[in-house]
Amino acid sequence: MERRSFLKVAAAAGGTMLVPVFGNAIAAEDLMNPMARKFKKELADAALNAATKAGASYCDVRIGRYLNQFITTRDTRVENIVNTESTGVGVRVIANGAYGFAATNALTVDAVADAARQAVAIARANARLQASPVQLAPVKGVGEVAWQTPFRKDWREVPIKEKADMLLAANKAGLDAGASFMTANLFQVNQQKYFASTDGSYIDQDVHRLWAPFTATAVDKATGKFRTRDGLSSPAGMGYEFFDAKPEHKVRAAGGVTQLYNGGYDIIEDAKAAGKQAREKLSAKSVEPGKYDLVLSPEHLFLTIHENVGHATELDRVLGYEANYAGTSFATLDKWKGRNFKYGSDIVNIVADKTTPGSLGFVGYDDEGVPSKKWDLIRNGILVNYQATRDQAHIIGEKESHGCSYADSWSSVQFQRMPNVSLEAGKKPLSVDDMVKDVKKGIYILGRGSYSIDQQRYNFQFGGQLFYEIKDGKVGQMLNDVAYQSNTQEFWNSCSATCDQRDWRMGGSFFDGKGQPSQVSAVSHGSSTTRFNGINVINTARKID
Amino acid sequence: MKLLSKDEAKSICDKVMAMSKADECRVNLSGSRKGNVRYANNSVSTAGLIEDTTLVVSVAFGKKQGSATCNQFDAKSLEAAVRRAEEIARLAPENPEFMPAVGKQDFKASNTFNRNAEAFNPEYRADVAFASIAAAKKAGLQAAGFFNDSIGFDCIANSNGVFGFQELGGLNFTVTTRTDDGRGSGWVNRAAYDPKAFDPRAASEIAIEKALRSVDAKALEPGRYTVVMEPAATNDLLNFMFSAFDARSADEGRSFLSKKGGANRLGDKLFDEQVNVWTDPWDANAPVLPWDQGTMQARARRDLIKGGVITSLDYNRYWAQKQKKEATPPAGNIIMAGGSKSTEELIASTKKGILVTRTWYIRMVDPQSVALTGLTRDGTFYIENGKIKHPIKNFRFNDSPVSMLNNIDELGRPVLIGDTDARKLMIPAMKVRDFNFTSLSDAV
């Protein structure tokens, strides 16, 4: 009984994935006309005035127009093209010290004023069960301002045929190189978000993101075996220029085992490599379980950072607000208060930010009107901070919010969501090949694979897309059936080297789920290639007959 | 807007189809009123009510197809949705695997709506939260829970004369109760069509008992153990496996149901003979719509596994035509036969084993064998000589539901599990041999 409608699209390994769909399909020409700012201000003022008159001590209004386009392909066919649009207004208030929220898709002054009054009524009802009144950290009103994702090529203006042709060309490249089957998808998002609050802000933002994942599957009918290799692309907070890969966007993997990308993506080249590598995986050596030094590429490490640092330092989890679903966190307040909890080794420096260009989390302001910023979570291995919203800042002694409030739709209530959480590059010059030279018995892991972690973020097990043996300082043969299993604190304390800034790049999660009813958000995680010593590797192969 | 009656829905479908200039037109119309209340730390955090009605219109010119949706129902909005679908269809490349709309179907109504569900309102939801929080407070615990309810309708129609309309309703409830010091945690979930069949206080008491009993968990060595899995603990594991019942993937060699040399494993015995699984839209305990919303095909009762043997796979219309098989849409519900024993009785007949309340963060490790990994959570106990001896620390497991259903010792009484996925599951508690726990977790 999820609140959202979901669209089934073809996804990795021949299955289906559910992609959230917000509303109505639209004609292409309608996409380019945003709602007039004057009209949005009029609606917002109607809500702010109605809420204040009804007794709210605070009110914010979010007027959203969400445009998505999804293209799904399989082998030589386009399976689906979907344009969606959703427009409406969400009003959040504080009355009698409690929150109330109401949303409407009716874009009239009367309807939004009504929603504001409903929100106040809900707040009053909730106040009876409220343990302590909501306390908002102050934020200065910024008046009327606007912000837009920096991009050169608007995905909304690129012809559908050009996009479909790119995906089909990638599929063909994969099939020609050895894949038995290919799927390639393109997700494109534009969020036109207008925020107004009784603090005196009227913030108009235009956010753009895209992602082109694919899967190559190789089948050996004689043995009945099959293997897959997913694309090594990352989703980006950019325009369609992301697909105009230039030589400076290409990164050589350790030992030259494959091509990687930073800031631009050649999906056809990657698909060709994937077709070949999926076939190669069919006969690759099955890993010997044991302790290995792991050399983790940013295309892989981003998800590890996301799961065992990003989620673990969400303050709402730490405080118990997600206990029934996503869980709580081992990184409890006492560990932060002592300023001596050794989350990782001395070289582990992890920062939160919503300011890095090209990242999925990059915005001018969050969904509470707080300007984007950058702050430390872990400095020299010590836990020093969390991710907070306005109503949480006072709990950790902050004078202002970190700007971590986000709602995935005008009809969803905003709550604490993860900013970009990234591992800083090493300060000493170190290339990937130099890092590998010091490894006697190791495994080089690239790409996101299977990932699972407990509800307090201690015990995790992660796989990848590509695994290569490292023996006596050299990257060697491909390995199969690899997953590493560890404990978050042990893992980060085994971090022994990080490559320098030249190797730093971002991966990201496009559909990160949290909350009840579930909401999705998109977030990036940067790192350079990083080494972890003596990690437990298991062999994941199983027989069922 | 208020929920539509059958006549009102039919009138909209007819209007839309009359507007279409395409070769064919399919209409899905659905409406719902969904309410929820969420609480944590014994205090309500959010509450919401969402009313919406959505029209999806799909049209085709030859093998070129397009879809559009809207949620406004004046003539202009309906016309715009039809024209947009037609525009996308004209832009779309031809799909060689396109299947034309199905012909008239015979839909036998199923009982997906209980009139008592009309009682859902903000007061009812507040009472649920209050009852749950009060019980937790009395036991000195912190409750975090989520209750959501929905009533609505589903309507389908196409230009070949298909028409179906049916009302839907139901509720889902989960609560986690934790000790203040975070050393104990218990969980429960409930799903029902009839609010009269749901008692939030009684449900919460189960989570409370588990939280209180789970304090001071001992570490047990990872390894293979006999497990008593509560129905909610196997729900996600089974969903992974039944999602791979697609005949095409099996025939193409990329499924656990693929055979060496290219065939699929239809007719093979893969599981213990106690395993009997079927789908039945008219099941009294887990009814679902008598049609598949995507293809508009009528659903039928169908055995999936009989005596441990795979008896049918999902054939989509294109693949069925190509393979000269009968097209079978994916199951709307999964019913697994069990016995008459309660979970307590399964525990009573266990010499040494582990009781698992809930599993969490389950991910595919290897689709070749449906090897999955995940963790236990919110109530894991050691069983000795038919009794719960003491709580144990949570485990990570690496195992396959295929192996699990091959190692069945005993099955309990089936219960309805909330539809977290598109499917409803009615599954028993299971006692399973040699379940593979691979490491310990410190999480409570």
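The legends below describe close-up views of a predicted model.

Residues are numbered from 1 along each chain as its sequence is written, while chains are lettered from A and ligands numbered from 1 in the order in which they are written. Because this is a predicted model, local features need pLDDT of at least 70 and side-chain atom pairs count only at pLDDT 80 or more, whereas totals for chains, interfaces and linings use all residues.

**View 1. Packing of helix 3 and helix 4 of chain A.** Helix 3 (residues 160-177) and helix 4 (residues 267-281) of chain A pack at an angle of about 25 degrees, and their axes are 7 Å apart. Axes are lines fitted to C-alpha atoms, for helices over the stretch in contact, with angles from 0 to 180 degrees between N-to-C directions. Helices (H or I, at least four residues) and strands (E, at least two) are DSSP runs numbered from the N terminus. Helix 3 and helix 4 of chain A are therefore roughly parallel to each other (angles under 35 degrees; over 145 is roughly antiparallel, 65 to 115 roughly perpendicular and the rest oblique).

**View 2. Residues between helix 3 and helix 4 of chain A.** Residues of helix 3 of chain A, including Met166(A), Ala170(A) and Leu175(A), meet residues of helix 4 of chain A, among them Ile267(A), Ala271(A) and Lys276(A). Contact means that C-beta atoms, placed from the backbone, lie within 7 Å. The residues of this contact divide into ten nonpolar, three polar and three charged (Ala, Val, Leu, Ile, Met, Phe, Trp, Tyr, Cys and Pro are nonpolar, Asp, Glu, Lys and Arg charged, and the others, Gly among them, polar).

**View 3. Domain 1 and domain 2 of chain B.** The domain assignment, automatic or from a database, gives domain 1 (6-211) and domain 2 (216-444) of chain B. Their C-alpha centres lie 25 Å apart. Domain 1 of chain B contributes 30 residues to the contact and domain 2 of chain B contributes 24 residues. On the side of domain 1 of chain B that touches domain 2 of chain B, strand 6 of chain B gives the most, with five residues. That side divides into eight nonpolar, 15 polar and seven charged residues.

**View 4. Contact of chain A with chain B.** The contact takes 62 residues from chain A and 79 residues from chain B. Strand 4 of chain A gives the most to the chain A side, with six residues. The residues of the chain A side divide into 29 nonpolar, 25 polar and eight charged. The model scores ipTM 0.91 and pTM 0.93.

How values were computed. Contact = placed C-beta atoms within 7 Å.
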